[in-house]
Amino acid sequence: MKLRIAFFLLALASPLQAEVAIQEVTSPKGIKAWLVEDHGIPFTSLSLDFKGGTSLDAAGKRGAVNLMTSLIEEGSGDLDAQGFAAARDALAADFSFSSGEDSVSVSARFLSENREQAMALLHQALVNPLFDQASVERVRAQILSGLRSDLKDASAIAANLDRARSFGDHPYGSDGSGTVDSVTALTRDDILAAHQGALALDRITVGAAGDITAAELGQLVDALVAGLPATGAPQPADVTPQQKGGITVQDFPGPQSVVLFGQGGIGFDDPDYYAASVLNEIIGGGRFTARLMTEVREKRGLTYGIGTALANYDHAAMLSGQFQASNDKVAEAISVIRAQWALIAAEGVSQQELDDAKTYMTGAYPLRFDGNRRIANILVGMQTLGLSSDYPKTRNARIEAVTLADVKRVAAKLLQPQDLHFTVVGQPTGVVSE
Amino acid sequence: MFRTLGRRAFGLIALLPLSLPAMADTVSHFTLKNGMEVVVIEDHRAPVVTQMVWYKIGRADEAAGHSGIAHFFEHLMFKGTKEIGPNEFSAIVEKQGGDDNAFTTQDYTAYFQRVAADRLDLMMKLEADRMVNLNMSEEDVATERQVILEERGQRVDSDPGSLLQEQMGAAQFLNHPYGIPVIGWRQEIAALTHDDAMAFYKAYYAPNNAILVVAGDVDPQAVLAMAETHYGPLPPSDKIKPRLRPAEPPQLSERRLVLRDERVAQPYVARSYLAPQRKSGDQKEAAALSVLAELLGGAGTTSVLTRALQFDSQTAVYASAFYSDVSLDPDTFSLVVVPAGGVSLGDAEAAMDAVIAKFLQDGPKPEDFARIKTQIRASEIYARDSAGGLARSYGAALASGLTVQDVQDWPSILQSVTPEDVMVAARKVLNKNNAVTGWLATLEAAK
């Protein structure tokens, strides 16, 4: 029993506060950037976010923003793709460019000793990409290869079915990479238009961490984005996901089925968001002891892993989950999940579950802020959610304030067993579309 | 996803040659009286610590017929002790706001927790407890066996690429146990019992078969004192034997195989060559192979394979090279080429072989060589951004027969590699008699 006493004492230790000092920087030309300065290692991580992402694709041009983003590092100015890569590698800088439903993300990591050259190269890529025909065809072929693979990938098939079912004709309703047909049809003009529409100054968020001062960052940001258009393409409208429970089965060969399940979620600006995030942590968060992990994996051995998340997009909110299971176990797993959904909606959760989730969430939060790369990404994420820079100091108090009654009330409101939909891709025994 | 399996896989192994740091000033090394090694890596930028305990027992150390027991056992380490109930281990870590997990490879099994730095003492207490006091029921074992069969179904049986990799591994090793997959063969996993697990535990889990790595906002002397308190009293085992595994005979014949599967949409060609690993005090050849992998098919646009197959011709949509530098015994140097639309697997393989042949004749371009050296130097700086990553680097090396000194010498050995070294290593390793070539094919293409 000695050990148990020790655990009890430690569990009472007060949760850490995140001790991260965020500076709000405004560049000489008026661009806002957040910075965590740390001169311990001679490099800087920089993250840029351009709001909109693949949802800005023009009608009939699905995949244009994604193809454009993939081409940014394939040559610019007087450097072709090989020349650009050689210049970047000679500086030992890392650049990455990616597109998602809500943003185009750019991240960079560069040594202090050649910061200016690295940023000049990145500036050229952002503002003056070549989009030459050879690069377009080479990268298009890579994307088409991926899209063809997706047609025979159970997880990708499930994701596409679930998107279409939830969001229909809204951009969220289809894969931002496009389809084989739409990507095949894209022209250089489409790519140029996507570039002008997606990478504009009216939608930019900047975060940096590492070996750089506020003044240096201001200068750097101005130089980096000089020449981008002031305004870009209009943002999409908000959308309410389809709320219809049931099961959709798509036949696919293999020993297991991929299962996505979900229903409507809760907005980040909703006063009950924090209670809902604690509730989600209890149902299917990242812990081995979450309710569904316990019921489906630990007690019954039906899956290797199961989780849920509050999936908050800029224009919609979902509560989504996923697991994979042998075909003969899918039916039982679904019935366990349905039963838990109904049980938690009716009865809420236990005080012990709430306490455990809160100590986990408040304890884990300060641990996020380690490493320049992680911090730069978090700084961008906080700004896109509209949080203030002192949020890390107040966030744990918001979690602590959630009571058992709050969770019960929010569970009854949020969890809608009749709306819970399962998309099953595989050959599950005894499971049919309903 | 969870309690994950380390895999020797195409695309899954980060390019190790460019990720190992020296950092002698922030690394301390001790050995407890009972034989447990302790490595402490200081990083005071955030109040976070990672504890890892590495056991020098992996898939390749298992008894014949018990494939997968090292990984199976890794799952069972969460089933409780005399003091801690089933699955309570993770619950306790999570209550502290921490994350915990574990992974198994051919050469080691490792457990880790990432928590606030002031919770390290508790983590050590827990980890020391389960090193000797594990206590699980028959029922726990039976349920976990189902979870692991599901894991195999998800990671391997549902993925034709993983199936090809398994078949290639089995063909690569004529005698050495690396030919059996880390997760084990399905029928052998299904037959593993509670008694098998307990016998395995008693044979291999002991302080003199373990390495403690602590990385983060800690003081090395304080960590040592804590380790002496928690791990110090544990008795060493007298049953730990040298890890001598059956060696490969000379490989005299190329092996080829084709895996056809209706779930394949994008075919590819993979090639693995038997290759020497980093050996303690003798890392030069492995350093040359690391540079060779970067030159031929490292990340980015400028590698020899990418330039030839994606730029000078439109033969491929992707081409890459991988080298497993850290392993107890010789492992593999691998290539993969994903053909462009309309290019057959035969033509893709021929083009790959032509690139290799030309490289063996011409050698590397001086500018490519210089660029890779610059990146190696920068990677030492970037690696310092992740204390957890450093902990993994040290732990994997020490569990695979290397020493702290070897890890710290590695960057300068990489820097000292000459083009001649690379060519000597390339001529030795890129020999088809050492190699397995695998095609992942669609059903249609196979007709």
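1. Val38(B) stands opposite Leu212(B), a residue of β6(B). Strands β2 (residues 37–42) and β6 (residues 210–216) of chain B pair in the parallel sense, over 6 bridges. Strands are DSSP E runs of at least two residues, helices H or I runs of at least four, numbered from the N terminus; pairing needs at least two DSSP bridges.

2. This is a predicted model: local features need pLDDT of at least 70 and side-chain atom pairs 80 or more, while totals for chains, interfaces and linings use all residues. Residues count from 1 along each chain as written, chains are lettered from A and ligands numbered from 1 in written order, and side-chain values use heavy atoms, without hydrogens or water.

3. The open sheet in chain B has 6 strands. Their order is β1-β2-β6-β3-β5-β4, and the pairing is mixed. β1 (27–31) and β4 (99–104) of chain B each have a single partner strand, so one side of each lacks a neighbour in the sheet. Neighbouring strands are turned by 15° against each other on average, direction ignored.

4. Helix α3 (residues 120–132) of chain B packs on this sheet. Helix α3 of chain B touches β3 (48–55), β5 (109–116) and β6 of chain B (contact: heavy atoms within 4.5 Å). Its direction makes about 15° with that of β3(B). Axes are fitted to C-alpha atoms, for helices over the stretch in contact; angles run from 0 to 180 degrees between N-to-C directions.

5. Chain A has a mean pLDDT of 93 (predictor's confidence per residue, 0 to 100). In chain A, 96% of residues reach 70 or more. Over residues 1–16 of chain A the pLDDT is below 50. This stretch still has 29 contacts in the model beyond near neighbours in sequence. Where pLDDT is low, predicted coordinates should not be read in detail.
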